Amino acid sequence: MCLSSICIFLVGFTNCFFFKVSCTNPEFSLEGDYLLGGLFALHEIDHATPLFSPETTECFRHHSSKSGYQMLQVMRFAIEEINNSTTLLPNVSLGYDIFDHCSNTKNLPSVLSFISKNGSIKPKEKLNNYRPKVIALTGPYGSTRTITIAQLITMDLIPLVNYGATSYALSNKLQYPSFVRTIPSNKNLIEMIIHIIRWFGWNWVAFLGSQDDYSSDGLNLFTKYISNTGICLAYQEGLSLNANYSQTLQKIDMLKINVIVVFALPQYASKIIKAAIANNIQDKVWIASQAWAMDQQLPREQGIGKIGTIIGITDRLLSLPGFNEFVYKDRRTTYVNHNEESDIQNKSKTCNQVCDYCTLLTAEDIINENPTFSFAIYSAIYTIAHALHKVLQCDMNGCRKNTVVKPYMLLGEIKKLDFPLNGHHVKYDANYDPTINYAVVLWHTDVNPPQFEMVGTYNTYPEVTFTINDSLLPWHYSGSVPFSNCSAECKRGFSKQPEGFHSCCFACKKCQLNSYVNYSRDPYTCLPCAESEWYDDMTMTCKTRSVDYLQFTEIPSIAFLVSATCIIILLIAILCLFSYNYNTPVVRSAGGSMCFLMLTSLILSSISTFFFFGKPTSALCFLRNAIYAFFFTVCISCLTVRSFQIICVFKMAAQFPKVHSLWVKHNGQWLFIAFTSVFHFISCVIWMTVSPTKVTADSWTYKDQTIIICEKANTITLTLVVFISWFLGLLCLLFSYMGRDLPKNYNEAKSITFSIILYYLTWIVFFTAYFSIKSRYLILLNAMAQIASINGILFSYFITKSYIMIFQPQKNTPAYFQTSIQNYTQTISRT
C-alpha cells in the first residue's frame, strides 16, 4: 500500500508539474489576492477495478454526480458573497481553484497542486518560509477520501476545512493537526441516533453500513456507546455494492427487527431501500444517517411508502439566502461550447476538471439537489474568510494587505472563532469540531414532490437539548409507535430471566410475596423489602414506610398537655392552700405534713406525662415510666399509712394499746413509707438496669408505617414494680373498708376507696386496650391512664378537703371535730 501510494504520488507529480498541464475553466478557477482550494466529487466511481501499474484516474469517464456540482456552486456562491462584502475582508479578494475529486487513492494531482510553491514541493522547508499555492482548502467529500490526503496536506499545517468527512478518527489532532470540519463527526451522529432509539423505547435494532471508513467508524462508535443503554445490536453487516441485499433484509425480517439504522453513503443506502421495496419489507423504521437523509431521488421510488417510516438526521440549517438567485444568474451567463470542452478534455483530463454534464444542468436541477452539505460548505468558506480577516487585522477601513499570510496563521485564528452565520453560531472545540445543530426529518413520500418535515432537534450550543414532537409522526398502519424489542418489558413484580445471548431477550418471572425488582439497578433479581419498606400489593413494589410517633402539634396531644398543665397548677395551688392552713384540723386530719409529700409526689408524677410526646429517645422512655412508677407509689404508700393510722387511733388504740404506743413512739407511719419507697426504688433500679426501656421501631403493627415506641421492659422486673403499687392499693382498700364507720370528719374511706378503684380500673382498661388494640394512640392512652390515676387521688382526697377550707370554714375548727369524736364515742359505747 505504501509503495503504491508513493508511485501514485510520483506519477501525479510528474503529470501535473513536469508536463505543466494547463487546467483552466471559468467555473473551476478565479483569480484573487488569496487563493482557496476546493475538492468536490463531480463524478463517482461505482466499481473500482484493481490496477497493476500506478496511474491517476480520469474522473470524467465515470458516473456524474449532480450533488457534487451543487456543492461546487455553494463554494462559488460563498466566495462571491464575501468578495462583495464591505465588512468581511474589505478591499481583499478571494480566488479559488476547484478540482474534481472522485477517487480515494488515484486522484492526487490536484492535491499536489494545492500544496506546491511555484510549481514545486519542498517537504523539508520550514513553515515560516513556506507559502503554498493556497492558504486553505475545503473538501473532499467522504471520510476515506479525506483520510487519504489529510496527512499530505496537514503536514504543512495548511487548514483543511472539511464539509463532508465525519470519521471520528479525524478528530485526533496528533495525526491531523490542521484538519477542521464544519459538519459534526460520526460520534455526534451516533449519539443522535441513540437518542432517537431511546426516545421511543426501542432496544432491538439492526445496523447496516458499507465497507468503508465512514460506516466502519460509525459501527464501532455505535457498538461502544450502546453498551450501557439497554440497546441490543441484533444484526450488523457492512455491505459492498454487489452484496446480496435481499438476503440481508430477509434475515432482519426473520429476527423481527423493526428498527434499521442505515449508516452508509447514498449509493449503498439506495440499494438497501430498493431491495426492501423489491422484497416487500413492510412496517419498518429506517433511521437514515446524514449522508442520505435528504436524498432527492429515493423518496420518489415507487412503493417506498410500504416499507415503513423513514427518519433522517441532517443539519438544521439547510437554506442559504441568495443561493437560488446566484444559481439562476450563473445559468444565464453560462454558454455551452462543445468544441472548447473537447479541447479541455484533450489537454487537461488528468487535472480532473472535465465536466461534460455541468453546463447542461438547469438552475432547477442544481437548486433541487440534496442540500445536506450546503451550509457545511458555506460555513467552511466563511471560516477561512473570518480567520484571514483576523490575520490581516481588518477593520472598517480595510485590511493590512502587506501582511505575509502563512497557512498556519489561519489555523491559530480558527480555533478562536465564534461568529454568527445565518442565525447559527460557528464555533469550534479543541479538536476543531463544530457545535451540533441537528434536525430530525420525517420523509413524506405520499405527496408529490416528496417532502422532508422537521420533527425534532438536537443542539449542543448554548446548552445540550434534544426533543422530538411525537404528534408529527404518523406511524404507518397501526398509528402507534412500532414495537422493536426482543422481549416485552416485564410487568411490575416480575423479574427478567435471560434467554439467549442478548441482554434484551428475556422471560418474565413473578417475584414472591414481599419482594420486588429494582429495574434501574438489577432487573434480574427479586429483592426482599427492607425493614424500612412495605410491600404494596397494587403496584407490586416496596415503598418506604412513614415514620410515626406522637407529636406535640397534634390536636389530641395539645388537649392532653393543656389538661395536664392545669392539673399541675391545681396541685401546686392545693399545696399552697394546705401550707397556709397547716395548723387547722382539716389539714391535720388529712395527714398533716404527709399531705405535702403526697402532693409533691402527685406533681412529679404529672410531670412525667409530658415525656410521652415528641420523637422517643432512651432518656424520654426512662423518664415517662420510672418517674411515674416511683412517685405515684410513694403517694399510694402515704394513703395506705393514712388509712391504717386512722384505724389505729379509733379502734386499735383501745384493743392493742402497746402496739399503738410503739407505732406512735417510733413514727411507724414514716418508717413504713420509707421502707416501701426504698424497696420500690430498688425494684425500679433493677427494672431499668436489667432490662432498660429501649426505643423500638414498630414495623409490625401497620404495614405502611413504622411507629417509634418505647419497648416494654422484662416481664419479671416490670411485674415486681407493678405488684408493689397494686399491693399497696389493696391494703388501702382493706383499711378503708375497716374504717367505714369512723367519724365523718376523719372518714376518708369513701375518697380513698374511690381513688384506688379508679386507679385499678384505669390500668385494667389500658392493659386491655394494649393487648387487644394496635394504634399509635396507645401511647396517649398510657399518658391518660397516668393522669387519670392522679386525678382520682386529687379530686377524691384533696379537693373535698380544699372545699371545706375555702367554702365551709366553720367545719374547720377544733370544736367541730371534737363534737364529731364525742358523737362517735357515744355511739360505740351504746353498742
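**Figure 1. Salt bridges across the whole predicted model.** A salt bridge is a side-chain nitrogen of Lys or Arg within 4 Å of a carboxyl oxygen of Asp or Glu. Searching this predicted model from end to end turns up 16 such salt bridges. Side chains of opposite charge can pair when their charged atoms come close. The next views visit some of these pairs.

**Figure 2. Glu 80 and Lys 329 join two helices.** Here the closest N and O atoms of Glu 80 and Lys 329 are 2.9 Å apart, and the two residues form a salt bridge. Glu 80 belongs to helix H2 (residues 66-83), while Lys 329 sits in helix H9 (residues 323-332), so this pair ties together parts that are 249 residues apart in sequence. Glu 80 is partly exposed because its relative accessibility is 30%. Lys 329, with a relative accessible area of 39%, is partly exposed too.

**Figure 3. Arg 331 and Asp 330, a buried pair.** Take a look at Arg 331, which forms a salt bridge with Asp 330. Their closest N and O atoms are 3.3 Å apart. Both Arg 331 and Asp 330 are buried.

**Figure 4. A network of salt bridges around four residues.** Which residues are linked with Asp 330 and Arg 331 in a network of salt bridges? Glu 27 and Arg 76 complete this group.

**Figure 5. Glu 413 meets Lys 416.** Is Lys 416 buried or exposed? Lys 416 counts as exposed because its relative accessibility is 61%, and exposed means over 50%.

Key
Residues are numbered from 1 along each chain as its sequence is written. This is a predicted model: local features need pLDDT of at least 70, side-chain atom pairs count only at pLDDT 80 or more; totals for chains, interfaces and linings use all residues. Side-chain values use heavy atoms; hydrogens and water are left out. Helices (H or I, at least four residues) and strands (E, at least two) are DSSP runs, numbered from the N terminus. Buried means under 20% relative accessible area, exposed over 50%, partly exposed in between (1.4 Å probe, protein chains only).
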